[in-house]
Amino acid sequence: MIRITLPDDSIREFENPPSGMDIALSISEGFARNCIAMEIDGLLKDLNTSVDKDANVRLLTPKDTESIEILRHSAAHVMAEAILRLYPEARLTIGPVVENGFYYDIDMQSISEEDFPKIEAEIQAIIKEKKPFIRKEMTRNEARERFKDEPYKLEIIDSLEGDIFSLYEQGGFIDLCRGPHLPHTGHIKAIKLMRVSGAYWRADQSRQQLQRIYGTAFFDKKDLKAYLTLLEEARKRDHRKLGVQLDLFSFHDEAPGMPFFHAKGMAVWNALLEYWREAHRDAGYVETKTPIMLNRVLWEKSGHWENYRENMYTSRVDEMEYAIKPMNCPGGMLLFGMKPHSYKDLPHRAGEIGLVHRHEMSGALSGLFRVRAFHQDDAHIFMTPEQIQQEILGVLQLVDRVYATFGLDFHLELSTRPEKSIGSDAQWEQATSGLRSALDAYGKGYQVNEGDGAFYGPKIDIHIKDAIGRTWQCGTIQLDMALPERFDLSYIGKDNEKHRPIMIHRVIYGSIERFFGILTEHFAGKFPLWLAPVQIMLLPMNDDLIPATEALKKELTAEGLRVEVDTRSESLKKKVRDAQLLQIPLMVTIGAKEIETKTFAVRTLDGRVIMGMERSSFLEKVREHIRRRSLSPEIFKD
RNA sequence: GCCAACGUAGCUCAGCUGGCCAGAGCGGCUGACUUGUAAUCAGCGGGUCGGGGGUUCGAAUCCCUUCGUUGGCUCCA
């Protein structure tokens, strides 16, 4: 007698060891049709696994969160089978599930997206056959024999421990796999190949280049459609596209990977920095600036010459070797090291909007998201060990304040000591527990990435979530136990002895260029009033009103507002349309009436028009909206 | 750096199984219209078809090479 406990704590008894399907059938036939896998005492298994002892069993249907991964994993097998049918000489390597889909790395001839339709047709044929996934187990020797013509599979087998290997077979296709899988291929209701790219076997450049074919799969065609719609939405928001449309920035062959910011882009940039300075002043920071080029001696001292050389631009001037800084820290170290410090001066918070250059691989470049020259909103904080918790907490609060201003939610990740690291156990313990207790005190919760810290210290990464749910790592707080040592930094403690300060690097925007790009996509180009490149577009009703409108522009500009006049001899409709397309938050129509009564006819981006607004009240509300850095599109609500 | 795709007017794109003067829409300019909230009409300019080399009677179209862009690998702000 086998007793199966279901999630609702009900118990079902079976004479013989039941499979998941048997259990599902004991509930209802419709439910059973829907089940795709099961969980036995917390372990995911195939639905046809026999439960041979009393156990807690959960039957999975497409609604369960784990199900989609099982589906995609199975989809990867189906894709692999389809490819082998079409390209018998192909050799499979690995085919994991990734966010939003799956891929399979295959050693085969180069293919392109044009080959997708025929592969997809083959996949559909396999799905239609509703082939069951059958699990088999083999010993190491049997597995090696079975895959003797599959060099990559052999290498995988040899790299794994244990003596029993599981394989899954559907139709004539068999693959080494841990499982679990769907009951049969027919459960794959929606599948689509997304793209193909190169990848190296075991991510090693010196090894075989493979074809990585990406696909995605869903239980419902509607879900696939929704996913494709999201991709479409992301494409519409692409900052590279909006950057051209809104005249914000550009790239030129003469400086690949190094953005040029246009006047309108700089308006946004300056608004970002103005806010940054305000927030940092409030948080007790001073601002510094260090040169972008420093000599080799400095970089040898900091360790960059040894560890970061291949990413640095170097130059020889007057027989002296220089490097353009890839990071701001060494300059910051020099500044702190200039004069003695008392414990009473700590913590010392020095911010720097530092321009750094890093020679990224050409293939890594991508719009403003990955560039070779960028500005970091850096800061170096020097403190006593006792101050770690309080200081980190202060940074977290600043992070909170800044991201909230943009309507960005975020989560935190703590990375701890990696295998290769410098510093003593005690130092790491003190540093890590300092970060941990700051995170605990902050109370937002965080994820721990064991062993993911930098070699010179643990760190906290801040991941923001944008308007369409994508996450980006921007801010980071890194504790550095190496540089104060290398630069022999010290402060005089209460005991009148020299002590080594604790130092952190931290950024909040991260790279201003990248943050700019993220914000552009987050807002879909519809920047809030305080950030908008052009805040007000004045629309004269006819050409005779242009001089009067230009005079108004002058007045509004003097108020610190970013204003333009549409002087074209176009219809009002046309001028309104073009201002809308440029996502300008305020359109102010100037007709004879407005001049006469000293009022404004104001239109906001949501299409609402308010006629006859007193100029003083317009100004007051606009100023207040900007001062509060409000995100609301309703500038004249009430 | 590697793999793949792409590069035609300021922008978006057509032409690309080689062959009439390389096209369209938008933008720009000129003129008319003088407009009350998402495209007024007409006319006119504008292109080394990314650069270089080659095949060919003939190349935007085919080949080689180079630069750049995009998607990945990798790396990371």
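## A cysteine in helix 12

Let's begin with Cys329, which sits in helix 12, covering residues 329–337. Helices here are DSSP runs of H or I with at least four residues, strands are E runs of at least two, and both are numbered from the N terminus. This is a predicted model, in which local features need pLDDT of at least 70, side-chain atom pairs count only at pLDDT 80 or more, and totals for chains, interfaces and linings use all residues. Residues are numbered from 1 along each chain as its sequence is written, and side-chain values use heavy atoms, leaving out hydrogens and water.

Cys329 is buried, with 3% relative accessibility; buried means under 20% relative accessible area, with a 1.4 Å probe and protein chains only. Beyond its neighbours within four places in sequence, Cys329 contacts His304, His380, Leu483 and His505, where contact means heavy atoms within 4.5 Å.

## An annotated binding site

An unreviewed UniProt entry places a "binding site" at Cys329, His380 and His505. These residues span 177 residues in sequence, yet no two of their C-alpha atoms are more than 7.6 Å apart, so they gather at one spot. UniProt annotations like this may be inferred rather than shown by experiment.

His505 belongs to strand 28, residues 502–511, and is buried at 10% relative accessible area. Leaving out residues up to four places away in sequence, His505 touches several residues, including Cys329, Asp378, His380 and Tyr456.

## A parallel strand pair

Elsewhere, strand 22 (residues 409–415) and strand 23 (residues 446–449) pair in the parallel sense over four bridges; pairing requires at least two DSSP bridges. Leu412 stands opposite Tyr446 of strand 23.

Key: Chains are lettered from A and ligands numbered from 1 in the order in which they are written. Buried means under 20% relative accessible area, exposed over 50%, partly exposed in between (1.4 Å probe, protein chains only).
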